[in-house]
Amino acid sequence: MGLTELVRERRSIRKFNHLPVSQELVVELLEKATQLYHLEEAARWRYVYAGTPEARERLSDYMLEKMKENKLVKLVPDKMMGIIKKRFTEIPANLIVIAETDPDRRKSDENYAAVCSIMQIFQLLGWERGLGMLWDTERTIQNELFYQRIGVREGERFVGILHLGYFDKVPRGRGRTPAEKKWTVKG
Ligand SMILES: Cc1cc2nc3c(=O)[nH]c(=O)nc-3n(C[C@H](O)[C@H](O)[C@H](O)COP(=O)(O)O)c2cc1C
């Protein structure tokens with residue numbers, strides 16, 4: 001697959017099938033993605049992998065913990081919450097991405113941007129191998145309790161979770177904004 005085609009055709013996958021994801025493949029693709037991103041200084045980041053049934057269940061609990069404090073969510077019947085938890089737990093693998101921060105704002109931003117770039121390259125490399133992903137930054141997981149649960153330390157920043165798995169169906173792509181609509185030509 002050519003690069004243009006790969007970038008154009010990759011889709012976010014929200015519905016995975018039950019095929020297991022190999023941790024070795026994830027590591028291989030992460031190493032490749034890191035090598036493909038050239039920066040003067042290496043990106044400073046780490047990831048936490050939740051791929052075993054136990055780790056996936058624990059992560060699901062953490063993802064739901066803060067959500068359950070919400071008054072409206074409290075009204076949701078237990079059975080429904082059970083279905084949501086099952087959906088989370090069934091995700092074949094999860095890669096939690098954590099970037100280092102820096103007291104220097106520019107350095108911090110640069111590192112965060114580098115980590116995001118590596119994640120996108122990783123998504124593309126995965127797509128080439130039939131591995132689908134969803135980059136998750138939902139509001140429900142953007143809170144101190146969740147960061148504490150997943151072990152984000154001082155001097156670190158949670159970037160997102162990449163949910164990983166194989167899929168049976170490719171969703172249709174959303175429309176894209178033409179570049180011309182995003183720029184201003186100064187006369
Ligand atoms: C930085 C970033 C954060 C995202 N966070 C979420 C998210 O929290 N929930 C979600 O459903 N999709 C999330 N996505 C996926 C986007 O919604 C998705 O890329 C967009 O709908 C375009 O679809 P496509 O990836 O199939 O082209 C995120 C994507 C990026 C790049």
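Residues are numbered from 1 along each chain as its sequence is written. In this predicted model, local features need pLDDT of at least 70, side-chain atom pairs count only at pLDDT 80 or more, and totals for chains, interfaces and linings use all residues, while side-chain values use heavy atoms, with hydrogens and water left out.

**Exercise 1. Describe the secondary structure of the protein and of the annotated domain.**

Step 1. Take helices (H or I, at least four residues) and strands (E, at least two) as DSSP runs, numbered from the N terminus. The protein then has seven helices and four strands.

Step 2. Along the sequence, these elements follow the pattern α-α-β-α-α-α-β-α-β-α-β. Along the principal axes, the C-alpha atoms fill a box of roughly 60 × 45 × 40 Å.

Step 3. An unreviewed UniProt entry places the feature "domain: Nitroreductase" at residues 7-166; positions are given in the numbering used here, feature names are shortened, and annotations may be inferred rather than shown by experiment. The span 7-166 is 48% helix and 18% strand, and its end C-alpha atoms lie 18 Å apart.

**Exercise 2. Work out how the ligand is held by its surroundings.**

Step 1. List the residues near the ligand (a heavy atom within 4 Å of it). These are Arg10, Arg11, Ser12, Arg14, Leu134, Trp135, Asp136, Thr137, Glu138, Arg174 and Arg176.

Step 2. Sort this shell by class, with Ala, Val, Leu, Ile, Met, Phe, Trp, Tyr, Cys and Pro as nonpolar, Asp, Glu, Lys and Arg as charged, and the others, Gly among them, as polar. The shell has two nonpolar, two polar and seven charged residues.

Step 3. Look for polar contacts (here, N or O atom pairs within 3.5 Å). A polar side-chain atom of Ser12 is 2.6 Å from a ligand oxygen. Glu138 places a polar side-chain atom 2.6 Å from a ligand nitrogen, and a polar backbone atom of Trp135 is 2.9 Å from a ligand nitrogen.

Step 4. Compute the accessible area (Shrake-Rupley, 1.4 Å probe). The ligand alone exposes 620 Å², of which the protein buries 69%.

**Exercise 3. Characterise the largest pocket.**

Step 1. On a 1 Å grid over the protein atoms alone, a pocket is an open set of points where a 1.4 Å probe fits, with protein on both sides within 12 Å along at least five of seven lines; lining residues have an atom within 4 Å of a point. The largest pocket holds about 530 Å³, a volume being the space filled by probe spheres set on the points.

Step 2. Its lining has 18 residues, with Arg14, Phe16, Arg87, Phe88 and Ile91 nearest the centre. By class, the lining comprises eight nonpolar, four polar and six charged residues.

Step 3. Helix H5 (78-89) and strand S3 (132-136) each supply at least two lining residues. H5 gives the most, with three.

Definitions and conventions: A residue is near a molecule or strand if one of its heavy atoms lies within 4 Å of it. A polar contact is a pair of N or O atoms within 3.5 Å; within protein, one must be able to donate a hydrogen and the other to accept it, and residues adjacent in sequence count only if both atoms are side-chain atoms.
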